[in-house]
Amino acid sequence: HKKQLQLAKDIQVNDGLLNKLEFEATLYRLRYKKAQEKGDTWGEDYYSNKYVEVITRIDHIKKELKKSLNLAKYIKV
């Protein structure tokens, strides 16, 4: 949108962050499964907590991204 550079930047930054966080969530899930297979209870707790933290951040970023996209829909050019 014309003259809405900050909104466009917010969408771009949040989209990139969302992709990064989803990748991290996948890694933590895989590492949790490996720790579970090895019987590493400390690893299970650690990766489980990290996974929950990343999922919480993903939910927040998705809400912000949806808000920005909805705002961009209603801006008249």
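What share of the 77 residues in the protein chain is buried? Buried residues make up 21% of them, where buried means under 20% relative accessible area (1.4 Å probe, protein chains only).

## About the model

This is a predicted model, where local features need pLDDT of at least 70, side-chain atom pairs count only at pLDDT 80 or more, and totals for chains, interfaces and linings use all residues. Residues are numbered from 1 along each chain as its sequence is written, and side-chain values use heavy atoms, with hydrogens and water left out.

## Overall shape

You'll find two helices and zero strands here; helices are DSSP runs of H or I with at least four residues, and strands are E runs of at least two, numbered from the N terminus. The radius of gyration is 17 Å, well over the 11 Å from the globule rule for 77 residues, so the chain is more spread out than a compact globule. That radius is taken over C-alpha atoms, and the rule is 2.2 Å times the number of residues to the power 0.38. The C-alpha trace spans about 60 × 15 × 15 Å along its principal axes.

## The core

Now for the inside: the largest nonpolar core has eight residues, among them Leu 18, Tyr 28, Val 54 and Leu 65. Such a core is a set of buried Ala, Val, Leu, Ile, Met, Phe, Trp, Tyr and Cys residues joined through side-chain atoms within 4.5 Å. Both α1 (5-38) and α2 (41-73) supply at least two residues each to this core.

Leu 65 touches Ile 11, Asn 14, Asp 15 and Leu 18, leaving aside residues up to four places away in sequence; contact means heavy atoms within 4.5 Å.

Definitions and conventions. Buried < 20%, exposed > 50% of the residue type's maximum accessible area, 1.4 Å probe, protein only.
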